[in-house]
Amino acid sequence: MKFLHLSDTHLGYHQYGLQERAKDFFDVFNEAVDVAIEKKVDFVVHTGDFFHSSRPSNQIILQGMEILRRLNDAKIPMFVISGNHDRGSQVRDVSPLKILQPLGLNLIDSGVSEYEGIFFGGLKYISKAGLRQIDFREVLEKLVEKMGEGFKILMLHQEFQPFFPDSKLNMIAHIPEGFNYVGIGHYHVAQPPSSINGAMVVYPGSTEFTAYNDKEEERRKGLYIVEAEGSELKAEFIKFKSRRPFLFYLVNDENSEQILKKIKEDLEKDHYDKKPVLVLKGTVKDLTYSDIRHLIKNEGISDERFLHLQINLTRDQVDESSEPVIIDLKEDLIKKELQRLIGDRELSESVIELIDHLKTFENIDEIKKLLKENPEILDF
Ligand SMILES: [Mn+2]
């Protein structure tokens, strides 16, 4: 028995408001389907956030159908749960994955399904408020009880310690014995397989960046191929080839010119299949967004060489007397307040990323033009 496990494909996310980024998310999902077909897997497991939104556009639903059609043609079923992004609002609407169910998508949001002697237990994302009303371990114990003799897979999309330090969920305490394989989504950084309470626990991470994170880059983006040989389980991480490169630079007040020279070199020396996204991050005293934009112009770096420039600067709070610092302190407070109001960490990161992106524009007219041409930029 061999299967493919992937997670957090976030189909429909137009990062930075760019069509190219929306296509990137689709490209890597298709590459995963290529791997499934090539490796002749028996089925695919997807642990949530298939879509980026609980109201994907018709175009994105069609793209989701296209992926299912390719798997159906190869007679490979897909088993999926809803994540926090695509579970629907509970009260007003259902998960958009229900639209794909009649086309052969096996959505297991609460319960057990059996396929050729293999048991799939699924639980859609449960919010912090929802978790207070149930006994999570007991819910999972009931799922094991419903399963018969055979290989048992559990699919989850939750916040577990230590990846989410504020979470009350802990894998050792909350995942009961009885499962052979536990696939978990939600945490976007892929993890090596671990063994917990007799099960192999696997986090494949997200297939693309929803917010750039150097930890994610280190681990790379990909999927797991899991194979059972006798009683032994083997999981192999396969990295995507079609992924857009992200070039990351740490910038400060002193090194900005040097860094821009390095960027120019990096862009010229490599031939990329896809134009890279440049991410500049750093804690600075004086350096501003427009300084960086001017340096780029001075260095003669052509816009044609990269897809997007993302600048995330944090203001050094040493000198409290000067005006720009006060403004940035305010910005920091606004960010913290946004995080508190939105609650969901991933979503607030996306909102902050959009704000940072808008800060790189020269004036309000440029922003208006961007929003007019790319209304989906606000489609979180
Ligand atoms: Mn996600």
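How much area do domain 1 and domain 2 bury between them, and what share of it is on carbon and sulfur atoms? Here are some notes to read beside the model.

1. **Before you start.** This is a predicted model, in which local features need pLDDT of at least 70 and side-chain atom pairs count only at pLDDT 80 or more, while totals for chains, interfaces and linings use all residues. Residues are numbered from 1 along each chain as its sequence is written, and side-chain values use heavy atoms, with hydrogens and water left out.

2. **Two domains.** Look for domain 1 at residues 2–239 and domain 2 at 246–378; these bounds come from an automatic or database domain assignment. Taken over C-alpha atoms, the domain centres are 32 Å apart. Domain 1 brings 26 residues to the contact and domain 2 brings 19, where contact means heavy atoms within 4.5 Å.

3. **The area between them.** To settle the opening question, the two domains bury about 1900 Å², and 54% of that is on carbon and sulfur atoms. Buried area is the accessible area (1.4 Å probe) that two parts lose on being put together, summed over both. Of the area that domain 1 buries against domain 2, 35% comes from Tyr-16, Gly-17 and Tyr-212, more than from any other three residues.

4. The interface of the two domains has 2 salt bridges, each being a side-chain nitrogen of Lys or Arg within 4 Å of a carboxyl oxygen of Asp or Glu.

5. On the side of domain 1 that touches domain 2, helix H1 (19–38) and helix H7 (214–219) each supply at least two residues. H1 gives the most, with 5 residues. Helices (H or I, at least four residues) and strands (E, at least two) are DSSP runs, numbered from the N terminus.

6. **The metal site.** Four residues coordinate the manganese ion at 2.1 to 2.3 Å: Asp-8 (OD), His-10 (NE2), Asp-49 (OD) and His-188 (NE2). Donors are N, O and S atoms within 2.8 Å of the metal (3.2 Å for Na, K and Ca); water is not among the atoms, so sites may look incomplete. Along the chain the donor spacing reads D-x1-H-x38-D-x138-H.

7. The structure holds 18 salt bridges. Arg-69 forms one with Asp-73, with the closest N and O atoms 3.0 Å apart; both residues lie in helix H2, 4 residues apart, about one turn of the helix. Finally, a cis peptide bond joins Gln-161 and Pro-162, with omega about 0°, and Pro-162 sits in the loop between strand S7 (151–157) and helix H6 (171–174).
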